[in-house]
Each structure stands twice: as C-alpha cells, then as structure tokens.
Amino acid sequence: MAQAERYAFVVENFDHHSSMNWRYQFFYYLDTKEIEMYDIKNKRTFLKRCPYDSIERDMLYIGAKIVVYSRQLTIVDFADTFTRNRLQKKTERTCAMIKPDAFLNAGKIVNAIVRSNLRINQLRMCKLTQQEAAQFYAVHSERPFYPKLVDFMSSGPILAIEIVGEDAIAKWRSLLGPTNSETARAERPDSIRAKFGTDNTMNAAHGSDSDETATTELDFFFGSGRVGQCANLSDCTLCIIKPSALVAGYQGLAIDQILQNFNVTAMELFRLDRANAGEFFEVYKGVVPEYNSMVDELISGDFIAIEISESGGNPVSALREFCGPADPEIARVLRPKSLRAQFGVNKVQNAIHCTDLPEDGELESNYFFNILIS
Ligand code: ATP
Ligand code: MG
C-alpha cells in the first residue's frame with residue numbers, strides 16, 4: 001500500500017510552568033487532514049494520529065503558529081526532506097537603493113523594509129560620481145533619459161542596501177510600486193514611490209529586476225571597489241545604532257530621527273569580532289564597569305555606524321544631547337524624547353553609542369570609515 005503523503009515539521013511549545021520549550025515532531029496527513037505528534041525528548045508518541053479539521057495545509061510554514069488542543073505551537077523547522085522540498089521557498093538577495101530625492105526619508109524606507117520581514121544584510125551610504133552613476137545604469141545608456149538619470153543619481157547621497165528574504169526581488173519591487181512616481185500615486189498610493197518619489201526619473205528608490213542584476217549591482221556597491229566613498233572624517237561625531245536595537249527593529253525609526261536632525265555624511269552596517277570591538281571601546285576599559293558587557297553587546301550582531309558632520313559647531317555634544325542619558329531608565333524620566341529613552345532597554349542595551357569627548361569624534365569616525373574598511 002502506498003504510504004499516505006504527510007508533511008513533517010519540528011514544532012515548539014513554550015510551557016510557562018517549567019519555562020521550557022518542548023519540541024515535538026508534528027505530522028500532517030494531506031489527504032485526510034489528520035495530525036499526529038511525537039515527543040522528541042521522551043521518544044514517544046504524544047498525540048495519536050487523529051482528525052483535526054481546523055488545521056489547513058496552507059497554515060503550515062516555518063514561523064507559523066498553530067493551536068492544537070489549546071496548546072500554541074510554533075513551527076520551527078522542516079522534519080524531513082519531502083516537506084522541505086515541497087515547501088521551502090527560495091531565499092533571494094536583491095539590491096535596493098534609496099535615490100538622492102528620497103535620501104532624507106531613508107529611515108522611513110528602511111523601516112518599511114524591516115516591517116516587511118525582509119532582512120537587511122548590508123547597507124552603505126554612497127555619493128556616486130557621474131562616472132559611477134553612468135556605470136550603474138549602463139544598461140539604459142541608449143535611452144533618451146540616460147543623461148538626466150546620471151545627473152540625478154550623482155546629485156546627492158544614496159543608500160545602497162542588500163535585502164535578503166523569501167522572494168525578495170519581487171517583494172521589494174512590489175513595495176516600490178510603478179516606475180513613474182505619478183503613476184504610483186494614482187495606482188499604488190501606499191507604495192514607496194508614491195509616498196517619496198517626485199516624478200519619472202526621481203522616483204525615490206531602485207530594486208534589482210532579476211537574480212543576475214542583483215548579483216552585479218550588489219557587487220557594484222558592496223564589492224571591494226567601494227564606489228562612492230563619502231565620509232568626511234573631520235568636524236564630525238560617530239553614532240552607532242547597536243545590535244539589540246536592530247534586533248528589536250528600531251533601526252529605521254532611529255535613522256529617521258537622526259536624518260531629520262543632523263547632517264549625516266556616512267552610514268554603514270558593520271559586524272565586529274571581539275578584538276575589534278574591544279579596541280573600539282578601549283577608552284572605557286577599567287573606567288566603566290560595563291566595559292565587558294558593552295563589548296559583548298557590540299559583537300552580538302549587526303550594527304549601523306553613522307558619521308555626523310558639522311563644521312564650526314560641536315557635533316559631539318549636539319549628538320550626545322540628542323541621545324540622552326546613557327541609562328535609558330533615567331533618560332525616560334529626564335529626556336523622554338531622546339533616542340535612548342525611546343529605543344533603549346538598559347545601560348548596556350541602550351540602543352545608541354555616541355562619541356563622548358569632542359576630541360574623539362574624528363578618531364571614532366576614522367575607526368569605522370577609514371581604518372576598518374581599508
Ligand atoms: P530601477 O531600475 O531604478 O529600479 P525600474 O526598473 O522601475 O527602476 P527602469 O526601466 O529600469 O525602471 O529605469 C531605470 C530608471 O530610469 C528609473 O528608475 C527612472 O529613474 C529612470 N526612468 C525610467 N524610465 C524613464 C522615463 N521614461 N523617463 C525618465 N526617466 C525614466
Ligand atoms: Mg530597472
């Protein structure tokens with residue numbers, strides 16, 4: 001007899017009494033809509049195969065939550081190759097670029113990416129020369145709008161982003177909306193080009209149109225060539241949106257507030273190892289009791305470094321003011337609108353690092369935008 005087709009998943013159930021995550025294999029029989037569960041730890045059947053009409057096959061995907069006899073189960077993995085081959089969607093990479101007309105809205109656009117369950121794997125602010133812009137859009141070199149497009153793309157800063165996720169190319173292009181911003185406003189008023197674009201050429205953002213162009217474009221921005229280098233490295237201060245704030249999904253909101261209030265001259269996503277993070281925080285060693293935890297926090301994941309410039313002023317103290325007291329609990333009382341009050345958790349996971357001493361602004365910016373990248 002042919003075996004009935006069934007999906008197999010690993011599911012987790014959080015038990016509040018024991019504060020433990022219990023793992024089961026969960027089987028779903030496609031023809032009969034029956035389910036079955038197997039207790040992985042105790043190696044025994046947990047729920048005998050039985051009909052369970054309220055679960056449909058399209059409710060079953062990684063990350064989905066299903067309820068079985070009042071237990072909430074989270075699907076965390078596929079449990080066999082049959083299921084994996086049938087259901088695993090293709091993870092894609094795409095190259096997004098926020099164009100000069102929408103650069104000041106980059107934080108809002110980053111927020112839209114994060115909210116759409118797409119992952120930002122790399123991010124770099126650039127200022128393209130005419131030649132670099134011409135190279136990026138070389139496929140359009142015979143089109144009548146090409147000179148205007150090249151002028152526009154080299155007219156101000158842009159933000160290049162590598163987006164990774166299921167169906168990322170189509171998803172991002174759908175978020176963008178139609179090429180012409182006017183058409184976008186008429187047909188897709190919620191789209192990024194409708195909200196932030198200007199016209200046919202100045203249309204807020206770009207997205208790769210295939211796997212092949214994504215590879216070429218990502219290499220253009222994130223390959224070793226480092227096109228469009230833009231950091232000032234003087235009259236500046238450094239701001240870091242820390243890993244825990246990225247995990248919490250606050251990067252877009254934080255970037256937006258920074259862009260609305262400061263002259264941002266460089267921005268890039270980094271990951272550091274312990275040696276580099278220790279070196280960067282060296283001045284706090286033996287001075288601040290949280291030194292080790294600060295290093296642990298910085299190496300725990302991706303973070304975004306931002307250079308802010310102001311000639312003739314005091315960018316270091318202006319940014320410190322804007323970030324608020326180092327301890328978010330205190331910040332929430334004294335400076336509720338400050339970045340740390342809004343996005344920080346505790347003294348270590350306080351969302352933002354900012355340069356402390358006026359003379360360190362240039363040093364810290366040089367550390368990221370000169371030393372580390374060369
Ligand atoms: P992008 O490649 O920037 O993501 P797209 O794929 O929607 O946009 P393309 O046809 O590849 O559109 O055009 C590249 C860019 O050239 C457009 O984003 C826009 O800035 C500009 N452009 C395209 N068509 C026109 C046009 N008819 N007039 C003026 N500018 C145009
Ligand atoms: Mg295109």
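Which residues have the most contacts inside the largest nonpolar core? I will come to that after some background.

This is a predicted model, where local features need pLDDT of at least 70, side-chain atom pairs count only at pLDDT 80 or more, and totals for chains, interfaces and linings use all residues. Residues are numbered from 1 along each chain as written, chains are lettered from A and ligands numbered from 1 in written order, and side-chain values use heavy atoms, without hydrogens or water.

The protein has 16 helices and 14 strands, taken as DSSP runs numbered from the N terminus (helices H or I, at least four residues; strands E, at least two). Of its 374 residues, 49% are buried, meaning under 20% relative accessible area with a 1.4 Å probe, protein chains only.

Now the core. It holds 47 residues, and L159, I161 and I306 have the most contacts inside it. A nonpolar core here is a set of buried Ala, Val, Leu, Ile, Met, Phe, Trp, Tyr and Cys residues joined through side-chain atoms within 4.5 Å. Helix 2 gives the most to this core, five residues. Domain 2 (90–222) and domain 3 (236–371) both contribute, so the core lies between them; the bounds come from an automatic or database domain assignment.

Next, helix 2 itself, residues 106–115. Its axis runs 7 Å from that of helix 10 (residues 251–261), at an angle of about 175°. Axes are lines fitted to C-alpha atoms over the stretch in contact, and angles run from 0 to 180 degrees between N-to-C directions. That makes the two helices roughly antiparallel, the word for angles over 145 degrees.

Terms used:
Parallel < 35°, antiparallel > 145°, perpendicular 65-115°, else oblique. Buried < 20%, exposed > 50% of the residue type's maximum accessible area, 1.4 Å probe, protein only.
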